[in-house]
Amino acid sequence: MGQEGGGASGRGRCVGRLARASTEDGPSGGQFGYSGSVAAGGCGFLGEHVVRMLLQREPRLSELRVFDLHLGPWLEELKTGPVQVTAIQGDVTQAHEVAAAVAGAHVVIHAAGLVDVFGRASPETIHKVNVQGTKNVIEACVQTGTRFLVYTSSMEVVGPNIKGHPFYRGNEDTPYEAVHKHPYPCSKAQAERLVLEANGREVRGGLPLVTCALRPTGIYGEGHQIMRDFYHQGLRLGGRLFRAIPASVEHGRVYVGNVAWMHVLVARELEQRAALVGGQVYFCYDKSPYKSYEDFNMEFLGPCGLRLVETRLLAPYWLLMLLAALNALLQWLLRPLLLYAPLLNPYTLAVANTTFTVSTDKAQRHFGYEPLFSWEDSRTRTIRWVQAMEGSAQ
Ligand SMILES: NC(=O)c1ccc[n+]([C@@H]2O[C@H](COP(=O)([O-])OP(=O)(O)OC[C@H]3O[C@@H](n4cnc5c(N)ncnc54)[C@H](O)[C@@H]3O)[C@@H](O)[C@H]2O)c1
Ligand SMILES: C[C@@H](CO)CCC[C@@H](C)[C@H]1CC[C@H]2[C@@H]3[C@H](O)C=C4C[C@@H](O)CC[C@]4(C)[C@H]3CC[C@]12C
């Protein structure tokens with residue numbers, strides 16, 4: 001699955017039936033049927049799976065608009081199918097572009113966002129894309145009369161918090177001291193609140209908006225950039241990765257296909273179950289095992305030839321904290337000259353080193369969600385994807 005930000009097409013260029021978002025030449029409300037959907041961020045890691053899942057598993061769908069800042073070349077292959085797929089290059093921070101893309105759609109799945117816990121983007125940019133962008137999506141629904149909105153939130157809206165409190169097999173009602181300091185979780189928490197508060201707002205035509213938020217834990221699967229990074233790092237280190245986090249720290253993970261399926265299902269069910277689902281949050285879950293972040297990655301990287309070397313004596317936690325702090329300092333010092341954004345920083349270390357796992361059936365109870373992919377399927381698909389990567393150790 002392609003997910004590189006750049007995509008093949010530059011701003012304003014076309015892939016398939018493609019439009020540049022604008023209120024003048026964008027899709028018009030009358031052009032699309034009742035079953036039209038918008039997948040915002042539809043060319044990202046999760047977004048691509050959502051797009052493909054909608055096309056495979058949503059029989060009522062007649063038209064799909066894929067809205068993204070960077071369009072992927074893979075959209076080309078979708079134009080031959082029975083559903084009318086319109087790729088729209090646009091920016092969620094531009095209200096008029098969002099409104100043009102949303103006009104006349106039945107439902108919007110908003111998975112567009114700036115996912116950055118490494119300090120690549122400024123806090124202002126993260127806020128603009130994740131918070132202002134979400135405001136724009138909500139206002140577009142209200143102004144154009146789109147009634148159903150599914151927002152991709154994140155586990156980080158809850159935690160882990162900076163105090164390192166464990167969230168062990170928690171659910172949507174588990175009390176937890178959510179403390180947001182980092183720009184990314186702050187932005188996701190604000191955006192989620194906006195989406196939930198918008199539930200019940202009157203949209204054009206007089207009917208109420210129905211919204212909900214899905215909170216994935218760490219997503220894995222085909223197209224996962226960080227998995228790719230770890231794999232290449234392991235190859236560079238002679239087929240080894242070094243354990244940095246105790247195996248006892250559990251990190252919640254969920255397969256991308258199941259996260260996509262949950263989005264498609266809730267988008268379908270929002271209309272019939274508006275009173276129950278509207279204004280609700282749901283963790284994304286499946287049967288993936290509870291493991292540490294590194295042990296979980298080894299489920300895929302192990303069969304691809306990498307091994308995890310135990311280094312507790314070589315790398316005690318205080319040393320990791322020191323390295324993370326050093327990385328943060330270097331990032332700040334080098335900022336005027338270059339972008340230094342390694343995986344390890346005080347925030348990522350805290351997230352990786354704090355137990356955060358969910359155990360819930362809320363999505364099953366509210367809208368009949370069952371994981372589409374078993375753990376064995378999810379694992380096999382992810383391993384095949386890693387093996388197919390160039391430079392495989394196999
Ligand atoms: N990856 C995870 O583990 C994870 C976990 C929980 C929640 N999430 C959430 O899921 C969503 C998707 O994440 P992902 O991992 O697929 O990230 P991603 O970066 O692969 O996808 C995000 C997509 O949004 C698009 N985008 C970014 N800025 C935009 C803008 N200004 N206008 C229009 N499109 C824009 C990007 O081009 C990209 O295609 C995000 O909202 C993220 O917060 C991800
Ligand atoms: C100490 C390192 C030695 O191997 C390991 C560092 C791993 C970190 C880079 C990742 C550990 C946990 C990840 C996050 C988590 O899976 C959930 C997320 C939620 C989502 O909304 C965005 C991505 C992320 C923050 C994810 C990012 C990478 C980790 C911090």
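1. Basis. The model is predicted, with local features needing pLDDT of at least 70, side-chain atom pairs counted only at pLDDT 80 or more, and totals for chains, interfaces and linings taken over all residues. Residues are numbered from 1 along each chain as its sequence is written, chains are lettered from A and ligands numbered from 1 in the order in which they are written, and side-chain values use heavy atoms, with hydrogens and water left out.

2. Shell of ligand 1. There are 26 residues around ligand 1, and those that come nearest are Leu 46, Asp 68, Asp 91, Tyr 184 and Lys 188. A residue is near a molecule or strand if one of its heavy atoms lies within 4 Å of it. By residue class, the shell holds 12 nonpolar, 11 polar and 3 charged residues. Here Ala, Val, Leu, Ile, Met, Phe, Trp, Tyr, Cys and Pro count as nonpolar, Asp, Glu, Lys and Arg as charged, and the others, Gly among them, as polar.

3. Polar contacts of ligand 1. A polar contact is a pair of N or O atoms within 3.5 Å; within protein, one must be able to donate a hydrogen and the other to accept it, and residues adjacent in sequence count only if both atoms are side-chain atoms. For Asp 68, a side-chain N or O atom is 2.6 Å from an oxygen atom of ligand 1. Lys 188 places a polar side-chain atom 2.7 Å from an oxygen atom of the ligand. The contact of Gly 44 is made by the backbone, with an N or O atom 3.0 Å from an oxygen atom of ligand 1. The protein buries 87% of the 820 Å² that ligand 1 exposes when taken alone. Accessible areas come from the Shrake-Rupley method with a 1.4 Å probe; for residues, only the protein chains shown count as cover. Two or more shell residues come from each of helix H1 (45–57), helix H4 (183–197) and strand E9 (218–220). Helices (H or I, at least four residues) and strands (E, at least two) are DSSP runs, numbered from the N terminus.

4. Strand E3. Buried means under 20% relative accessible area, exposed over 50%, and partly exposed in between (1.4 Å probe, protein chains only). Glu 63, Arg 65 and Phe 67 point one way and Leu 64, Val 66 and Asp 68 the other, all of them buried.

5. Neighbours of E3. Two strands pair if DSSP finds at least two bridges between them. Strand E2 (residues 36–40) pairs with E3 in the parallel sense over 5 bridges, and Ala 39 stands opposite Val 66. Strand E4 (residues 84–89) is also parallel to E3, with 6 bridges; there Thr 86 is the bridge partner of Arg 65. E2, H1 and E3 form a right-handed β-α-β unit. A crossover is right-handed if, with the strands pointing away from the viewer, the path from the first strand over the helix to the second runs clockwise.

6. Strand E6. Because 5 of the 5 residues of E6 (residues 148–152) are buried, the strand is largely enclosed by the rest of the structure. Phe 148, Val 150 and Thr 152 lie on one side and Leu 149 and Tyr 151 on the other. Strand E5 (residues 107–110) runs parallel to E6 and is joined to it by 4 bridges, with Ile 109 partnered by Val 150. Strand E8 (residues 210–216) pairs with E6 in the parallel sense over 5 bridges, and Tyr 151 has Ala 213 as its partner. E5, helix H3 (residues 123–144) and E6 make another right-handed β-α-β unit.

7. Ligand 2. Of the 19 residues around ligand 2, Ser 154, Glu 156, Tyr 184, His 251 and Glu 294 come nearest. For Glu 156, the distance from a polar side-chain atom to a ligand oxygen atom is 3.4 Å. The protein covers 89% of the 630 Å² of accessible area that ligand 2 has on its own. The shell divides into 13 nonpolar, 4 polar and 2 charged residues. Its largest share, 3 residues, comes from H10.

8. Asn 161. This residue is found in the loop between E6 and strand E7 (167–170). Asn 161 counts as buried because its relative accessibility is 1%.
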